[in-house]
Amino acid sequence: MTQSEFIRIMAVRQGLSQECVRRLIGALLDSLEEGLAEGERCILRGVGTLHIVRREGGKRRNPRTGEEVEIPPHRVVRFRPSHRPVSRP
């Protein structure tokens, strides 16, 4: 499902305009981004948890060329899904 499809479905289900849903989703994603940038854990009950993990740098090999590349330490976002099973009709 693409973001556009998700917006269209949510607009129909909630009886809102697609522009309104687009702004709400944008605000949600902005809030998550700000929280993660500050090092906070973002918990979405029934969905999962987003958090930042520091990855060590080191030498990696480019699989296409075989060349060794130095990767600096960096941070990545990790998502851990909730244990709630997904119900399907």
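A residue is called buried when its relative accessible area is under 20%, exposed when it is over 50%, and partly exposed in between (1.4 Å probe, protein chains only). At 9% relative accessibility, Cys-42 counts as buried. This is a predicted model, in which local features need pLDDT of at least 70, side-chain atom pairs count only at pLDDT 80 or more, and totals for chains, interfaces and linings use all residues. Residues are numbered from 1 along each chain as its sequence is written, and side-chain values use heavy atoms, leaving out hydrogens and water.

**Overall build**

- The chain has two helices and five strands; helices (H or I, at least four residues) and strands (E, at least two) are DSSP runs, numbered from the N terminus.
- Along the principal axes, the C-alpha atoms fill a box of roughly 55 × 30 × 30 Å.

**Surface, contacts and charge**

- Of the 89 residues in the chain, 15% are buried.
- The chain exposes about 7,700 Å², and carbon and sulfur atoms supply 52% of that area. Accessible areas come from the Shrake-Rupley method with a 1.4 Å probe; for residues, only the protein chains shown count as cover.
- Among contacts with a separation of 6 or more, 29% join residues 24 or more positions apart; contact means heavy atoms within 4.5 Å.
- The chain carries 17 positive and 11 negative charges, and their mean positions are 9 Å apart. Lys and Arg count as positive and Asp and Glu as negative, while His and the chain ends are not counted. Each charge is placed at NZ of Lys, CZ of Arg, CG of Asp or CD of Glu.

**Between the helices**

- Leu-16 sits in the loop that links helix 1 (3-14) to helix 2 (18-37).
- With a relative accessible area of 38%, Leu-16 is partly exposed.
- Not counting residues up to four places away in sequence, Leu-16 touches Ala-11, Val-21 and Leu-24.

- Thr-49 belongs to strand 2 (residues 48-55) and is buried, at 16% relative accessibility.
- Beyond its neighbours within four places in sequence, Thr-49 is in contact with Arg-41, Cys-42, Ile-43, Arg-78, Phe-79 and Arg-80.
- His-51 is also found in strand 2, and its relative accessible area of 18% makes it buried.
- Leaving aside neighbours within four places in sequence, the contacts of His-51 are Leu-36, Arg-41, Val-76, Val-77 and Arg-78.

**A glycine in strand 3**

- Gly-58 lies in strand 3 (residues 58-61) and is buried, with a relative accessible area of 16%.
- Gly-58 and Pro-72 are 14 residues apart in sequence, and their C-alpha atoms are 6.6 Å apart in space.

**Cysteines**

- A disulfide is a covalent bond between the sulfur atoms of two cysteines.
- The structure holds zero disulfides, taking a disulfide as a pair of cysteine sulfur atoms within 2.5 Å.
- Cys-20 is partly exposed, at a relative accessible area of 21%.
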